[in-house]
Amino acid sequence: MPNEGRQVVIPGQILGEIPALIPGRGTFVENKKIYAERLGVLNIQEKFVHIIPLKGRYEPIVGDFVIGVVEEASTSNWMVDINAPYPALLHVHEVPWEIEFADTEKYLNTGDTILAKVLSVDESKKLQITLNDRNLFKLKGGHLIEFEPSIYRRIMGKKYSMIEIIQKYTRCRIKVGKNGRIWIDGDAEGIEKVLLAISMIEREAITFGLTDRIEEFLKKDAKDVR
Amino acid sequence: MKSDIELITREGKRLDGRGPHDLRKIKIEAGVLHRADGSCYLEWGGNKVLAAVYGPREAVPRHTQNPLRAIVQARYNMAAFSVEDRKRPGPDRRSVEISKVISEALEKVILTELFPRASIDVNIEVLDAEAGTRCAGLTAAGIALVDAGIPMRDIPVACAAGKINGQVVLDLGKEEDNFGDADLPISISPRTGEVLLLQMDGHLTVDEFNQAFDLAVKGCHTVSEIQKKAIIHKYQSVAAEVQE
Amino acid sequence: MTIVPIIKRDYITKLAEQGKRIDGRNFDQYRNIEVETKVVNKAEGSARVKIGNTQVLVGVKIDLGEPFDDSPNMGVLSTAAELIPLASPDFESGPPRENAIELARVVDRGVRESQVVDVEKLVITPGEKVWIVFIDIHVLDYDGNLFDAASLGALAALSTTVIPAKRFEKELPEGYPKEDFPLPMSEPPISCTAVKINDFVLFDSCFDEEIIADARLTVATDNNGDIRAMQKGLSGSFTKEEIQKVIKGALDNGQEIRKKLYQSTGK
């Protein structure tokens, strides 16, 4: 029913049966019946049924772009908080600089913010991240905020449509981490608008037509758009 | 003597006007706190409880970590002002025991295998107490867990039944708990009927136990519907608002 | 412990240099304040205070007891605070540590030294039996400025507290009235707290501002515009001019907050 937005489901809610449907992410199976395992939005594509979570901590997947905050520097690595249930390890070999023994603090220290990529996740969820990539670097200036990681896709939009609209009308440089963190650089007014847009997306994540409404909102007294 | 007080009339009317199978009034609100990952405020009769969930997060200290699954740590606490005779702040033996049985109940329904080495911390604060706080607390914890996005097999719910003046009734109130003949709080996974928590004190024949048990389970199902409505309302309401 | 990203600290400071704050407020402006009383039935007095997203619940319980040796003609006031793990991922369970203790003691002094509660009227039998007033502060949601939320909560709870004399009938001496009566209170001082970030003085700090603050100053002022209590916290320092700024802001905001208190307690 389009007027109610997308359907919210809760843990233990029955979604369908095998083989009429095929269980996907966010579901579990008992006696051939498929159930939702968490609070989210129901998504059925062809025969695959999965849940798009509405809440929940960020769960790292190899290849994810994340924004991390350095917790501490040790002799051959750094421990980085990536807003996951576990801290991530950044090894000296995974950074683009040549580091002398125990000189780690010179390059990255407690409180520094980095744009990194998840390198590995083992069975006991020990995490490693890397900075070895042209797109990855230490972030300077700007502002850093957190958002509900489960709405990452909404903030990016289909084919990045949402995030592009936000950047266009606020004239800000924006880096969105899959782990629920956003780095924004621009003037105070622009940054404020980005924050309002993100709040709006968080509140209205499950509704339809959100991209248009965000564009409407940002257009109001927006700066000159080239 | 306990049975001197008339807790239920011959017509089946209890001190607060309820019938033998009536629940006290329940009000539930999900997502009421900002710092917590998930939260729930619940009123059940005169009980007021607040539950908050943090996690999954790294379990500390290190030696408590389980390499295969998350540990569930529930902490049930009564505020000093929540009872008639002020309670000294801090856990007492009763709170420690209740925390343990609630942790164990929740562990069964949470998909802990998804988060090795982590801890899921559940905090239950009783702000105003009136019999049945552990059931109210566990029910609130169930919603707080959903609100936090924790993966679960089902949403746990709890309810108690008991015996007063020889009659089996649902959801004991204050005087009934103090002067009644038996108290049976239980928690179930409503979808499967599995019993997650069970405690009993007092005196019941096997027959009476069966009656009380069935009654408590029925109560659980009724409360479960209220739980589900509350959480769906919280998240679906935005859609309704916007489409106007 | 949550690590503060340097970027965030720099951004807050940069905004301050432009006269702004991250949530758009002025330096001396408070967030929205809500006070609700009589929220806990079992307590003799209670109040829930929200300042922005910070939420504190204060309960007052009354009991009978002995007065202190050095003050046989006064009732007893006792204040405790709990930073329960519910309220923040950084609060741990366990006995109150220095932050909770400092909070309790500052609120306590604000109530005690200003003689807001007329403890002489709480004597039943001098030297033997007095009313004991327990103030318990329960922090529910931590987003900065616990001092003001807790103080306001304590005052609101006390303002609506009723001594349950009837319940203690059997333990009261003959001739002592056995009817419930309201806790005897006078004009309360209102506490206002500001923090210092570099050279900027900001009132009613939110969590992000509070964790990067260098110093903190709480000033309690009364209806006459006089100062009744002060507490400086954290390891930074204040200049004399900055202290004057805080006093002025405390006087201005104090008036507004006092109005809110009266509205909610109906006094």
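Two strands pair here if DSSP finds at least two bridges between them. With that settled, here's a quick look at this predicted model.

**Chain A overall**
- Chain A has 226 residues, and 40% of them count as buried.
- You'll find 16 strands in chain A, along with five helices.
- The C-alpha trace of chain A spans about 60 × 50 × 20 Å along its principal axes.
- Take the contacts in chain A between residues at least 6 apart in sequence: 57% of these join residues at least 24 apart.

**Where chain A meets chain B**
- On the chain A side, 26 residues are in contact with 32 residues of chain B.
- Sorted by class, that side of chain A brings eleven nonpolar, eight charged and seven polar residues.

**A four-stranded sheet in chain C**
- Chain C has an open sheet of four strands, ordered β10-β9-β11-β12, and the pairing is antiparallel.
- Its edge strands in chain C are β10 (200–203) and β12 (227–233), each pairing on one side only.
- From one strand to the next, the twist averages 20 degrees.
- Within chain C, β9 (residues 190–197) and β11 (residues 215–221) pair in the antiparallel sense over seven bridges.

- Helix α2 of chain C (residues 98–112) lies across β9, β11 and β12 of chain C.
- Relative to β12(C), helix α2 of chain C runs at about 165 degrees.

Definitions and conventions: Residues are numbered from 1 along each chain as its sequence is written. Chains are lettered from A and ligands numbered from 1 in the order in which they are written. This is a predicted model: local features need pLDDT of at least 70, side-chain atom pairs count only at pLDDT 80 or more; totals for chains, interfaces and linings use all residues. Two residues are in contact if their C-beta atoms, placed from the backbone, lie within 7 Å. Ala, Val, Leu, Ile, Met, Phe, Trp, Tyr, Cys and Pro count as nonpolar, Asp, Glu, Lys and Arg as charged, and the others, Gly among them, as polar. Helices (H or I, at least four residues) and strands (E, at least two) are DSSP runs, numbered from the N terminus. A residue is buried if 20 or more other C-beta atoms lie within 10 Å of its own, exposed if 12 or fewer, and partly exposed in between; C-beta atoms are placed from the backbone. Axes are lines fitted to C-alpha atoms, for helices over the stretch in contact, and angles run from 0 to 180 degrees between N-to-C directions.
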